[in-house]
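Please look through this structure with the report below.

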Amino acid sequence: MPFADRPSLAWAAGFLDGEGSIYSRNVRNRYKNRRGEFYHSRALQVSASQHRPEPLQRLASLFGGKVSGPRVTILNGREHKPSWKWTLSSFEKCQAAIAATWPFLMVKKEQAIAALRQYHSDSPVRRTTCSRGHKLAGENLHVLKGYGWRRCRICERRRDQERRLRQRSSHAVR
């Protein structure tokens, strides 16, 4: 992509302004925690749909990503034209594509800003406070070795105390 010329980047920005979408979405990972719940994270994506694959293949040659299709949709019993979709999923590639087209974007600039803000605000690594408002810094920050998960020590102590109380009360009932 660093070798892309200005006219190609201007074309890509115009195409994304008209047919594209820049968004941050929830991703369910394939790993589960001890309670059997899936871990969730955020992903930044840039995509565009079209009835012809050629413009999408040009986007893929400029920025990478994947072109999928054709996909035929049926609405109200009517079959519509086949459509293709280009998707760019890697955060680094999305950020690079946004940066490269930034000077030429008109409509999607606000969407890009909103998606980047949402991605960074929801990313656990970027948080400065826990869900209860405690600072995630200094002595209150507990980073689990091997995982890199950031935990609030105050909330961990509270959860441990509540768990011990439940265990004591269940043993007393027996």
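## The nonpolar core

In this predicted model, the largest nonpolar core has 23 residues. Val 46, Leu 59, Phe 63 and Trp 86 have the most contacts inside it. A nonpolar core here is a set of buried Ala, Val, Leu, Ile, Met, Phe, Trp, Tyr and Cys residues joined through side-chain atoms within 4.5 Å. Two or more residues each come from α1 (6-19), β2 (38-50), α2 (54-63), β6 (83-88), α3 (91-101) and α4 (109-122). The element that gives the most is α3, with five residues. In soluble globular proteins, nonpolar side chains tend to be buried together.

Buried means under 20% relative accessible area, exposed means over 50%, and partly exposed is in between (1.4 Å probe, protein chains only). Helices (H or I, at least four residues) and strands (E, at least two) are DSSP runs, numbered from the N terminus.

## Basis of the model

This is a predicted model: local features need pLDDT of at least 70, side-chain atom pairs count only at pLDDT 80 or more, and totals for chains, interfaces and linings use all residues. Residues are numbered from 1 along each chain as its sequence is written, and side-chain values use heavy atoms, with hydrogens and water left out.

## Overall layout

The protein chain has five helices and eight strands. Along the sequence they follow the pattern α-β-β-α-β-β-β-β-α-α-β-β-α. Of the 174 residues of the chain, 28% count as buried.

Contact means heavy atoms within 4.5 Å. Take the contacts between residues at least 6 apart in sequence: 54% of them join residues at least 24 apart.

## Helix α2

Which residues of α2 are buried? They are Pro 55, Leu 56, Leu 59, Leu 62 and Phe 63. Seen down the axis of α2, these buried residues fall within an arc of 115°, so they line one face of the helix. The arc is that of the directions from the helix axis to the C-beta atoms. An α-helix has 3.6 residues a turn, so residues three or four places apart point the same way.

Leu 59 touches Trp 11, Ala 12, Phe 15, Leu 16, Ala 48, Gly 64 and Trp 86, leaving out residues up to four places away in sequence. The charged end of Arg 58 sits over the ring of Trp 11, 4.2 Å from its centre. That label requires NZ of Lys or CZ of Arg within 6 Å of the ring centre and within 35 degrees of the ring normal. After α2 comes Gly 64, with a positive phi near 95°.

## Aromatic pairs

A search of the whole structure finds three aromatic pairs. Rings of Phe, Tyr and Trp (its six-membered ring) pair if their centres lie within 6.5 Å; planes under 30 degrees apart count as stacked, over 60 as edge-to-face and the rest as tilted.

One of the pairs is Phe 63 with Trp 86, which is tilted: 6.4 Å centre to centre, with 40° between the planes. Phe 63 lies in helix α2 and Trp 86 in strand β6, so the pair ties together parts that are 23 residues apart in sequence. Phe 63 is buried at 6% relative accessible area, and Trp 86 is buried at 0%. Phe 91 and Tyr 119 form a stacked pair, 4.6 Å centre to centre and 15° between the planes. Phe 91 lies in helix α3 and Tyr 119 in helix α4, so this pair ties together parts 28 residues apart in sequence.

## Strand β2

Gln 45 is in strand β2. It is buried, at 7% relative accessibility. Its side chain makes polar contacts with the side chains of Tyr 23 (2.8 Å) and Arg 25 (3.1 Å). A polar contact is a pair of N or O atoms within 3.5 Å; within protein, one must be able to donate a hydrogen and the other to accept it, and residues adjacent in sequence count only if both atoms are side-chain atoms.

Ser 47 also lies in strand β2. Its relative accessible area is 5%, so Ser 47 is buried. The C-alpha atoms of Ser 47 and Leu 88 are separated by 6.1 Å, though the two are 41 residues apart along the chain.

## Backbone details

A cis peptide bond joins Gly 69 and Pro 70, with omega about 0°. Pro 70 is in strand β3 (residues 66-71).

Asn 76 is in the loop between β4 (74-75) and β5 (78-79). Its phi is near 55°, a positive value in a residue other than glycine. Asn 76 counts as exposed, at 82% relative accessibility.
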